[in-house]
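My notes follow the order in which I checked them.

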Amino acid sequence: MAQKFYVVWSGRNTGVFTDWATALQSVDKHPGARYKSFSTRAEAEAAYRAGFTASTARNANPAKQSSSDKSAAHVAHRCDVSIYCDGACEPNPGNAGSGVVVYRGGELAELWYGLYNPAGTNNTAELNALHAALGMAEKEIAADNSVEICSDSQYAIHCVRDWAPGWEKRGWKKAGGEIKNLDIIQACYLVYRRIEDELRLTHVAAHVGTEGNELADRMAMYGALAKESDLRLYTETMDIPTLLKLRAG
């Protein structure tokens with residue numbers, strides 16, 4: 001059997017894998033898993049760098065596996081609305097901003113920037129961005145759209161999805177000290193808890209060329225540089241090559 005290479009854009013671990021068993025461990029039962037097999041390493045590495053796109057979603061196939069694996073694997077699915085969020089801070093701590101990017105039907109629809117904090121951190125900026133994205137997602141879900149939120153911050157995702165339920169049960173305390181950024185974590189969790197059964201909250205790798213993630217990064221830095229305290233809609237021309245030339249976070 002010819003060697004295959006497996007790209008996982010979204011899963012417990014991301015990257016290029018050389019065996020299906022390892023790739024499967026990353027995507028099996030992972031919400032919003034995105035993966036595909038390729039015939040050569042060069043194709044796989046190029047696809048991983050390019051990031052997951054609407055075209056990839058249309059052409060995605062389950063990687064070739066044994067019949068016992070097929071029940072556990074699933075094909076990547078594109079939601080009606082994809083929301084990418086990111087934070088930036090320079091220096092850290094220092095001038096922080098957040099960015100949110102909205103795709104509808106796989107097409108870029110909206111860019112948002114702002115939530116400036118002169119004494120923020122990367123983590124507060126990421127949480128502020130996630131909070132804004134969650135609010136947008138709630139409105140989209142109310143309109144009967146399927147929604148995913150994509151963030152490159154494992155910290156923000158863990159805080160809201162994995163750690164907050166336990167912290168809440170213990171009276172918002174954790175062993176070993178205070179919970180940093182508690183106010184914004186609680187605000188995020190309040191929204192997340194209302195929509196978690198209908199939302200895909202996905203971690204994406206940072207700075208590997210995924211368009212939505214790169215644009216959210218540029219909007220976050222744009223918000224930090226503009227010192228815009230509100231979250232504002234970007235009203236300039238949405239020319240993607242030009243936007244990607246903006247300062248990165």
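I began with W163 and W167, which are 4 residues apart in helix 6 and therefore separated by about one helical turn; helices here are DSSP runs of H or I with at least four residues, and strands are runs of E with at least two, numbered from the N terminus. I noted that this is a predicted model, in which local features need pLDDT of at least 70 and side-chain atom pairs count only at pLDDT 80 or more, while totals for chains, interfaces and linings use all residues. Residues are numbered from 1 along each chain as its sequence is written, and side-chain values use heavy atoms, with hydrogens and water left out.

Next I looked up burial, where buried means under 20% relative accessible area, exposed over 50%, and partly exposed in between (1.4 Å probe, protein chains only). W167 is buried at 7%, whereas W163, at 37%, counts as partly exposed.

I then counted aromatic pairs, meaning rings of Phe, Tyr and Trp (its six-membered ring) with centres within 6.5 Å, called stacked under 30 degrees between planes, edge-to-face over 60 and tilted for the rest. The structure holds 9 such pairs. One of them joins Y84 and Y103 edge-to-face, at 5.8 Å centre to centre and 70 degrees between the planes. Y84 lies in strand 4 and Y103 in strand 5, so this pair ties together parts that are 19 residues apart in sequence. I found Y84 buried at 6% relative accessibility, and Y103 is buried at 9%.

Last, I recorded that Y6, W20 and Y35 form one aromatic cluster.
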